[in-house]
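Hello,

Here is the structure I said I would pass on. Please have a look at it first; my notes follow below.

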Amino acid sequence: MIRLIFTLTLFAFILQSVVLGSNGTSTIELASSQSTQSTQSTQPTQPTQSSNDLSSYKTVNYYARFNCGAISDDSGPLRPGKYDSDITIFNKKSYPITVIWKAIAIDQQVKNNFNILNIPSENIASINCSKILPIQDKNNTNSSSTFPKKFTEGIIKLEISVDNGLLVNNFLNNQNANIIVNESEIGNLINVDVLHTVNTLDDLNKEVVYLKADFSILSKDKNKISNFTVVFHIDPDGIVDPLSLIKNKISANNTDQKIDINGSEIIIKDTEIITNTLTDNHALTVQSVDPIIS
């Protein structure tokens, strides 16, 4: 009887322990789950990718050389003449494109800020020396006054910016700012070409005068006669002494002393004046400018 009571009591104790143990485990698991959820809810949310990601911002630059002004002597950097450059920008697309440009002079005398240039669809805009350099005399209507008198050379920087496919420059003129372009066509929006011209100066002497002289040189013993012809570029307003010109020319070229001027006789047989008119010295070059994408 005692053993039966002991057995029943032990069985009841074990059953109670199992029930309490199961409930305790559930309580721990629930608390753990609640703790995990609480921890996750208190962690900060990861931010999304910024819209101003530098990898999506592209800049297309064109660098075009310009030569503007006049060179009146041989001091350089180019030969004498009047120089002009015309940078043409062709918009190849069916929508307007805004370009910003700046002139950067080698001598740093042209210090302009960026300028805004809006180009309509399938249209051409140009930047020439009259836009790069200030006008000499705004009150004078003579076209020659708009041409810079002092020679200046440098680079024109043209720039187009694209952010996430949007043409950023177009916001400056409110020109279809919502147009999106593909990355593959960023460098193919416009064509940039440079036309360089040079003309002779207005005060250049276009008529030249030459003196042609036929002469003979008799040796000291009169046994040898040498015949020569020489051509001199002379001043049309000056006094010319053909004999002195010939003697000076022989002295300059007679380095090996083959001709004894003092012991020989120079006889001028014939002289002739030759005139010629120089044609307008005009040169023209065209250069295409490739884009640089960064």
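Start with asparagine 164, which sits in the loop between strand 6 and strand 7 (166-167). Its phi is near 55°, a positive value in a residue other than glycine. Asparagine 164 counts as partly exposed, at 44% relative accessibility. One caution before going on: this is a predicted model.

Glutamate 122 also has a positive phi, near 50°, and is likewise not a glycine. Its place is the loop between strand 4 (115-119) and strand 5 (124-128). Is glutamate 122 buried or exposed? It counts as exposed, because its relative accessibility is 56% and the cut-off for exposed is over 50%.

Glutamate 153 belongs to strand 6 (residues 152-163). Its relative accessible area is 15%, so it counts as buried, the limit being under 20%. Which residues does glutamate 153 contact, leaving aside neighbours within four places in sequence? They are Arg65, Phe66, Asn67, Pro77, Ala105 and Ile106.

Now the whole chain. It has three helices and 13 strands. Of its 294 residues, 29% count as buried. The chain exposes about 19600 Å², and carbon and sulfur atoms supply 52% of that area. Take the contacts between residues at least 6 apart in sequence: 72% of them join residues at least 24 apart.

Next, the cores. In general, nonpolar side chains tend to be buried together in soluble globular proteins. The largest nonpolar core here has 33 residues. Ile87, Ile89, Ile127, Ile132, Ile156, Leu158 and Ile190 touch the most other members. Several elements give two or more residues to this core, including strand 1 (57-71), strand 2 (81-91), strand 3 (97-105), helix 2 (129-132) and strand 8 (190-199). Strand 4, strand 5 and strand 6 are also among them.

Three strands form an open sheet in the order 10-9-11, with antiparallel pairing. Strand 10 (225-234) and strand 11 (265-277) stand at the edges. Each has a single partner strand, so one side of each is left without a neighbour in the sheet. From one strand to the next, the twist averages 15°. Strand 9 (residues 207-218) and strand 10 run antiparallel and are joined by 10 bridges. Leucine 211 stands opposite phenylalanine 232 in strand 10. Which helix packs on this sheet? Helix 3 (residues 242-253) does, touching strand 9, strand 10 and strand 11. The direction of helix 3 makes about 100° with that of strand 11.

The pLDDT averages 74 over the chain, and 66% of the residues score at least 70. Where is confidence lowest, and where highest? It is lowest in helix 1 (residues 2-42), with a mean of 45, and highest in strand 5, at 93. Over residues 18-52 the pLDDT stays under 50. The model has three contacts beyond four places in sequence for that stretch. Residues 135-145 also have a pLDDT below 50.

Best wishes

Terms used. Residues are numbered from 1 along each chain as its sequence is written. This is a predicted model: local features need pLDDT of at least 70, side-chain atom pairs count only at pLDDT 80 or more; totals for chains, interfaces and linings use all residues. Side-chain values use heavy atoms; hydrogens and water are left out. Helices (H or I, at least four residues) and strands (E, at least two) are DSSP runs, numbered from the N terminus. Buried means under 20% relative accessible area, exposed over 50%, partly exposed in between (1.4 Å probe, protein chains only). Contact means heavy atoms within 4.5 Å. Accessible areas come from the Shrake-Rupley method with a 1.4 Å probe; for residues, only the protein chains shown count as cover. Two strands pair if DSSP finds at least two bridges between them. Axes are lines fitted to C-alpha atoms, for helices over the stretch in contact, and angles run from 0 to 180 degrees between N-to-C directions. pLDDT is the predictor's confidence in each residue, from 0 to 100. A nonpolar core is a set of buried Ala, Val, Leu, Ile, Met, Phe, Trp, Tyr and Cys residues joined through side-chain atoms within 4.5 Å.
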